[in-house]
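Let's take a friendly look at a pocket lining and a group of aromatic rings.

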Amino acid sequence: MACMFLAICEQVLGTDELNAYLNKYRLELDPQLDSLVGRHSRKPWSRFISQDSQHLVSPEAIDFLDKLLRYYHEDRLTARGARVFLERLTD
């Protein structure tokens, strides 16, 4: 399950960022996982917005998603950071 999740993330966040993360922390992918990872460029979040869902999306929602879905844990929003982010939107 975790292998498929990383493979899907890699297809969206891109291979270059994954490799940079692995190199920074001197990590190697398990051979099984490595076989699932391809070569993908980072996809813009706008690519996932359809005509039918466009009315549900805001720039703030895209920004929130972007801050949550990152390889680097130090760049990713924590639960507390996410709560603060959302509180600012409702103030």
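## Pocket and aromatic rings

The lining of the largest pocket has 11 nonpolar, no polar and two charged residues by class (Ala, Val, Leu, Ile, Met, Phe, Trp, Tyr, Cys and Pro count as nonpolar, Asp, Glu, Lys and Arg as charged, and the others, Gly among them, as polar). This is a predicted model, where local features need pLDDT of at least 70 and side-chain atom pairs count only at pLDDT 80 or more, while totals for chains, interfaces and linings use all residues. Residues are numbered from 1 along each chain as its sequence is written, and side-chain values use heavy atoms, with hydrogens and water left out.

Helix α1 (residues 2-13) gives the largest share of that lining, seven residues; helices are DSSP runs of H or I with at least four residues, numbered from the N terminus.

Now to the rings: the structure holds five aromatic pairs (ring centres of Phe, Tyr or Trp, the latter by its six-membered ring, within 6.5 Å; planes under 30 degrees apart are stacked, over 60 edge-to-face, the rest tilted). Two of them are tilted, Tyr21 with Tyr25 and Tyr25 with Tyr72:

| Pair | Centre to centre | Angle between planes |
|---|---|---|
| Tyr21 and Tyr25 | 5.0 Å | 55° |
| Tyr25 and Tyr72 | 6.5 Å | 50° |

Together, Tyr21, Tyr25 and Tyr72 form one aromatic cluster.

Tyr21 is buried at 18% relative accessible area, and Tyr72 is buried at 16%, whereas Tyr25 is partly exposed at 30% (buried is under 20%, exposed over 50%, partly exposed in between, with a 1.4 Å probe and protein chains only).

Definitions and conventions: Helices (H or I, at least four residues) and strands (E, at least two) are DSSP runs, numbered from the N terminus.
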